[in-house]
Amino acid sequence: MSQEGKATTAPATQDPPSLLQPGSLVEVNPRDNDYLGAWYLAVIVERATSTCDDRYVVQLLFLYEDISTGTKAIREYNSVDIRPLPPRHRPRKFKVGDLVEAYYRFGWFEGEIVEELHNGNYICQLKSSKRLELVVERLRLQRSWRDGEWIPPLDESELAVEEEDSTEKMMESETDNAEASKAGTGNILEESDQKTKEKEEEFSEGAHVEVTNIDGDGSNQAWFAATIVKPVGNNRYLIRFETLRTEDDTGFLEKEMDSSHIRPPPPHIPVPDQFKMFDHVEVLYKGGWWKGVIAEVLPDDSKYLVFLANYDKLECKHSDLRPRQGSIDEN
């Protein structure tokens, strides 16, 4: 089912190609049964010195060594298991039998389209035999990186233009049967969200809160300021967003949500004078606070390059960032 390809490797005595220079953002394939056919966002740390093989030390940006401390995983990989980030692409129509990569649990998993649904979604079977129902934005054509080129090659018509505001679409993708992450996945973003889902809280009318959008893989990507309008029973509430408006712009958007997707506003804590590479932050973007990681501190110290958990890349001002407060999710 997979399109296997090998990247060009350089002799150990030569300087590594630009793709493998320290600080380069890449995708890595762990080739592990737990991550079968998966590609994860990482940054090159250095060339490995423990062996004569063409191996590199990388730090994974969304997989963790220790959940309790937030220690990010550092691993060695052969250069054939490292590739550049694929260019952003337009959503496309797929057909049964297409080999794809599906965005699931903060990685891109190789799979195959096995069914196209009437609602426009697709059923994708991963290499692990797991089946997922996914929106088209969570799929991309499976490609291999060979000799410095993508196979099959990218056509200019496939490249993404500036994205439309998809916030409301993501909010509507909330599903009651979405599979939440389980303990032991090794992903602190998912596991802290699971703890949020497991707790029950009661909120009074008029209370100021934050509510989360739930993606098709069960992971929350952003928190939005909102007000409780009224409880509607069964731990569900009618809420009114404070930053998202209706399509006709006549008022603020209202939505019924489960209490497991609602939290009190985080307490005010001092924001550091400067964030560092790999700091976990929340980014004010499209009216909500989105999870991200500092990928680069730009020459202008008040700006940063941030990778969101959904692989969006943003240039952000210092004033649009706040530290991620995991304790909010864990209480």
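I call a residue buried under 20% relative accessible area, exposed over 50%, and partly exposed in between, with a 1.4 Å probe and protein chains only. By that rule I looked up W108 and found it buried, with a relative accessible area of 6%.

Notes on the source. The model is predicted, so I kept local features only at pLDDT of at least 70 and side-chain atom pairs only at pLDDT 80 or more, while totals for chains, interfaces and linings use all residues. Residues are numbered from 1 along each chain as its sequence is written, and side-chain values use heavy atoms, with hydrogens and water left out.

Entry on aromatic rings. I paired rings of Phe, Tyr and Trp (its six-membered ring) if their centres lie within 6.5 Å; planes under 30 degrees apart count as stacked, over 60 as edge-to-face and the rest as tilted. The count came to 10 aromatic pairs. One of them is Y103 with W108, tilted, at 5.2 Å centre to centre and 50° between the planes. Y103 is buried, with a relative accessible area of 1%. I then looked at F224 and W290, whose ring centres are 6.2 Å apart with planes at 80°, so this pair is edge-to-face. The pair links distant parts of the chain, with F224 in strand β14 (residues 220-233) and W290 in strand β19, 66 residues apart. F224 is buried at 0% relative accessibility, and W290 is buried at 3%. Ring pairs also link F224, F241, Y285 and W290 into a cluster.

Entry on charges over rings. I counted a charge as over a ring if NZ of Lys or CZ of Arg is within 6 Å of the ring centre and within 35 degrees of the ring normal. The charged end of R83 sits over the ring of W39, 3.9 Å from its centre. R263 lies over the face of W223, 4.0 Å from the ring centre.

Entry on salt bridges. My rule was a side-chain nitrogen of Lys or Arg within 4 Å of a carboxyl oxygen of Asp or Glu. I found 18 salt bridges in the whole structure. R31 forms one with D81, the closest N and O atoms being 2.3 Å apart. This pair links distant parts of the chain: R31 is in the loop between β1 (25-28) and β2 (38-47), D81 in the loop between β4 (71-78) and β5 (82-84), 50 residues apart. R31 is partly exposed at 48%, whereas D81 is buried at 8%. E210 and R322 form another, with closest N and O atoms 3.4 Å apart. E210 is in strand β13 (residues 208-214) and R322 in strand β22 (residues 321-323), 112 residues apart. Both E210 and R322 are buried. R245 and D249 meet at 2.4 Å, N to O. Salt bridges that share partners join E27, R83, E101 and R140 into one network.

Entry on the backbone. Most residues other than glycine have a negative phi, and most peptide bonds are trans. I noted a cis peptide bond between I151 and P152, with omega about -5°. P152 lies in the loop between β12 (149-151) and α1 (167-172). S129 has a positive phi near 80° and is exposed at 51% relative accessibility. K286 has a positive phi of about 55° and is partly exposed at 24%.

Key. Helices (H or I, at least four residues) and strands (E, at least two) are DSSP runs, numbered from the N terminus.
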